[in-house]
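Subject: Structure for your files

Hello,

Here is the structure we talked about handing over. Please open it alongside this message.

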Amino acid sequence: MTSATRQPETPASTVPPRLIATDLDGTLLRDDKSVSPRTVAALAAAEEAGIEVFFVTGRPARWMDVVSDHVHGHGLAICGNGAAVVDLHGGPGAHRFVKVRELARDNALDAVRLLRDAAPGTVYAVEQTYGFHQEPDYPKLHMEIPDELQTAEKLLAPDGPGADEPVLKILAFHPTIDPDAFLTLARLAIGERANVTRSSPSALLEISGPGVSKASTLALCCAERGISHEEVVAFGDMPNDVEMLTWAGQSYAMGNAHPDVIAAASGRTVANNEDGVAVVIEQLLARR
């Protein structure tokens, strides 16, 4: 998709923002995974104005090197769609988990079984705090070599690989089902046992613990700081951002956003490749 407008459609708000929450891929990052100079300057200006910036992403902590040079102040990021709050000050490979909201192995095994029954041919990977494991038939979708190749049932067994590490989420891939149809099917099949979402253009689902989302973890972080949802400005582009955009007082769908995101957000900005996040931050700061 391309942006529908050259300037953001700005929701009316009389509450000054205290926190900016932004997704990374397809939102803050350009398609080449870079952070533009304009965006770097806007993030720094927001922090200098006393507005905290939280990166809120589906990425695991070990993939946060793309923004490690742009950490200001608190240095915290919400990773794994809300499954972890991570202190990035140590840099790549030296991050510290501040909060972990794990997916119980029993819930994960139930989700695997139910989705296999509903969508035969589904294959899985398991994301933990530090480890990454996958089934032999799971495609090479990620930028790393898995630690283990086993069936999901063995990977999630009490004595399986990484048994001493929390499971943050499981990934479910189907080679032929339409991505949105796969998401709907999985949510119906799994029900309340886990939270199911997606951020990939392919039929790749991300399955977290019940109630775990970008929104719920961001709400916890804001409550710790005495920040209300009305004081939060959020940005996103894919279904895993919908809850966060609905929760925030002001929210912006990117010009390249999924239709569900456009429907959920209170405003719209230009595409990620046009520095849509920076455009809005500059306007917010100009009003102060």
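Below is what was found in it, from the overall fold down to single residues.

Before the findings, a note on the basis: this is a predicted model, in which local features need pLDDT of at least 70 and side-chain atom pairs count only at pLDDT 80 or more, while totals for chains, interfaces and linings use all residues. Residues are numbered from 1 along each chain as its sequence is written, and side-chain values use heavy atoms, with hydrogens and water left out.

Overall picture

The protein has nine helices and 14 strands; helices (H or I, at least four residues) and strands (E, at least two) are DSSP runs, numbered from the N terminus. Its radius of gyration is 18 Å, close to the 19 Å that the globule rule gives for 288 residues, so the protein is as compact as a globular protein of that length. That radius is taken over C-alpha atoms, and the rule is 2.2 Å times the number of residues to the power 0.38. The C-alpha trace spans about 55 × 40 × 35 Å along its principal axes.

Of the 288 residues, 54% count as buried. Here buried means under 20% relative accessible area, exposed means over 50%, and partly exposed lies in between (1.4 Å probe, protein chains only). The accessible surface comes to about 11800 Å², and carbon and sulfur atoms hold 53% of that surface. These areas come from the Shrake-Rupley method with a 1.4 Å probe; for residues, only the protein chains shown count as cover.

Among contacts (heavy atoms within 4.5 Å) with a separation of 6 or more, 60% are between residues 24 or more positions apart.

Charges and salt bridges

Side chains of opposite charge can pair when their charged atoms come close. A salt bridge is taken as a side-chain nitrogen of Lys or Arg within 4 Å of a carboxyl oxygen of Asp or Glu, and the count by this rule comes to 18. Three of these pairs are described here.

- E231 and R18 form a salt bridge at 3.4 Å, N to O. E231 lies in the loop between α6 (214-224) and β12 (232-236) and R18 in the segment before β1 (19-22), so the pair ties together parts that are 213 residues apart in sequence. E231 is buried at 17% relative accessibility, whereas R18 is partly exposed at 34%.

- R30 and D275 form a salt bridge at 3.0 Å, N to O. R30 sits in the loop between α1 (24-28) and α2 (37-48) and D275 in the loop between β14 (267-268) and α9 (276-287), so this pair links parts 245 residues apart in sequence. R30 is partly exposed at 27% relative accessibility, while D275 is buried at 7%.

- E52 and R225 form a salt bridge at 3.3 Å, N to O. E52 is in strand β2 (residues 52-56) and R225 in the loop between α6 and β12, so the parts tied together are 173 residues apart in sequence. Salt bridges that share partners join E52, K99, E224 and R225 into one network. R225 is partly exposed, with a relative accessible area of 24%.

Single residues

T39 is in helix α2 and is buried, with a relative accessible area of 2%. Not counting residues up to four places away in sequence, T39 touches L28, D275 and A278.

C79 belongs to strand β3 (residues 76-79) and is buried at 2% relative accessibility. Leaving aside neighbours within four places in sequence, C79 is in contact with T57, R59, P60, A61, M64, A84 and V86. The C-alpha atoms of C79 and K154 are separated by 25 Å, and the two residues are 75 residues apart along the chain.

Backbone angles

Most residues other than glycine have a negative phi, and most peptide bonds are trans. N81 is not a glycine, yet has a positive phi of about 60°. N81 lies in the loop between β3 and β4 (84-87) and is buried at 2% relative accessibility. D275, described above as the partner of R30, also has a positive phi of about 60° without being a glycine.

Regards
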